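Please keep the sequence and the structure in view while reading.

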Amino acid sequence: MTRQVAAISAPPVLAHTFPGTAAQAAVARHWVQAAAARMAGPDAADLAELAVSELFTNALRHSRSGRPGGTITVIITCGPDGVTVHVHDQGAAGGVVPRPRDAGDEAESGRGLLIVQELSAAWGTRPGAECSDADAGRPAAGSGRCAWFACPPGNREGGRRT
Ligand SMILES: Nc1ncnc2c1ncn2[C@@H]1O[C@H](COP(=O)(O)OP(=O)(O)O)[C@@H](O)[C@H]1O
Ligand SMILES: [Mg+2]
Ligand SMILES: [Zn+2]
């Protein structure tokens, strides 16, 4: 269910809780793309789509969200500096914390957070309870971990960003 927290034409906060399955990664990607496009334009939307894909996959792979019945809550906030996308998972067993890995050139995995870092203006992770935007996604977003990134608004009018 999508919760629209403030009902104006470009809502500043949207939240949606997805089942924690691989099939939902594409659904979440499209949801974020569409929301970010409306909030901050096509440049931000393209970046957000790529980056959220990495964070959603991480939540599936590395947290309890990927277990049967698990969920992942995605929150998008909009401000003058563009959009911020949060991926709230259900926490990792053993308290593992997301950390970019020093992936070798030949590695096919271990680059997700490096990609997020590269695409975004800023990013980070924190306990879900410490996220000031978690309210938008409650009750699912209040625990576990929040991994977030910010995308500045673009100035593209047609054509792709170079
Ligand atoms: N949501 C998460 N919860 C706990 N640990 C995470 C999470 N996301 C990432 N990590 C940790 O950070 C590491 C780096 O993530 P990433 O750069 O995406 O590489 P990969 O997912 O291929 O291992 C992961 O191997 C994992 O140990
Ligand atoms: Mg990853
Ligand atoms: Zn958050």
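Predicted model: local features only at pLDDT ≥ 70, side-chain atom pairs only at ≥ 80, totals over all residues.

Beyond its neighbours within four places in sequence, Ala147 is in contact with Leu55, Asn58, Val87, Pro98 and Thr125. Ala147 lies in strand E6. Is this residue buried or exposed? Ala147 has 28 other C-beta atoms within 10 Å, and because 20 or more are required for burial, it counts as buried.

With 17 other C-beta atoms within 10 Å, Arg64 is partly exposed. Residues up to four places away in sequence being set aside, Arg64 touches Gly70, Gln90, Gly91 and Ala93. Of these, Gly91 stands 27 residues from Arg64 along the chain, with a separation of 5.8 Å between their C-alpha atoms.

The chain as a whole may now be considered. How many helices and strands does it have? The protein chain has three helices and six strands, and along the sequence they follow the pattern β-β-α-α-β-β-α-β-β. Of the 162 residues in the protein chain, 41% are buried. Among contacts with a separation of 6 or more, 68% are accounted for by residues 24 or more positions apart.

Helix H1 covers residues 23–40. It has 18 residues and reaches 26 Å from its first C-alpha to its last, close to the 26 Å expected at 1.5 Å a residue. Which residues of H1 are buried? They are Ala28, Val32, Gln33, Ala35, Ala36, Met39 and Ala40. An α-helix has 3.6 residues a turn, so residues three or four places apart point the same way. The buried residues of H1 pack against strands E2 (13–19), E3 (71–79), E4 (82–88) and E6 (145–151), as well as helix H2 (42–62). Strand E6 is also where Ala147 is found. After H1 comes Gly41, which has a positive phi, near 95 degrees.

The relation of H1 to H2 can be described in more detail. The axes of the two helices come within 8 Å and cross at roughly 150 degrees. H1 is therefore roughly antiparallel to H2, since angles over 145 degrees are counted in that way. H1 passes H2 in a right-handed crossing. On the H1 side, the residues that meet H2 are Ala25, Ala28, Arg29, Val32, Gln33, Ala36, Ala37 and Ala40. Their counterparts in H2 are Pro42, Ala44, Ala45, Ala48, Glu49, Val52, Ser53, Phe56 and Thr57. The residues of this contact divide into twelve nonpolar, three polar and two charged.

H2 also meets helix H3, which comprises residues 112–119. The axes of H2 and H3 come within 9 Å and cross at roughly 155 degrees. These two helices are therefore roughly antiparallel to each other. H2 passes H3 in a left-handed crossing. From H2, Leu47, Leu50, Ala51, Glu54, Leu55, Thr57 and Asn58 meet Gly112, Ile115, Val116 and Leu119 in H3. By class, this contact has seven nonpolar, three polar and one charged residues.

Definitions and conventions
Residues numbered from 1 in each chain as written. Chains lettered and ligands numbered in written order. Helix = DSSP H or I, 4+ residues; strand = E, 2+ residues; numbered from the N terminus. Expected span 1.5 Å × (residues − 1). Buried ≥ 20, exposed ≤ 12 C-beta atoms within 10 Å, placed from the backbone. Contact = placed C-beta atoms within 7 Å. Axes fitted to C-alpha atoms, helices over the stretch in contact; angles between N-to-C directions. Parallel < 35°, antiparallel > 145°, perpendicular 65-115°, else oblique. Left-handed = near helix turned anticlockwise from the far one by under 90°. Nonpolar A, V, L, I, M, F, W, Y, C, P; charged D, E, K, R; others polar.
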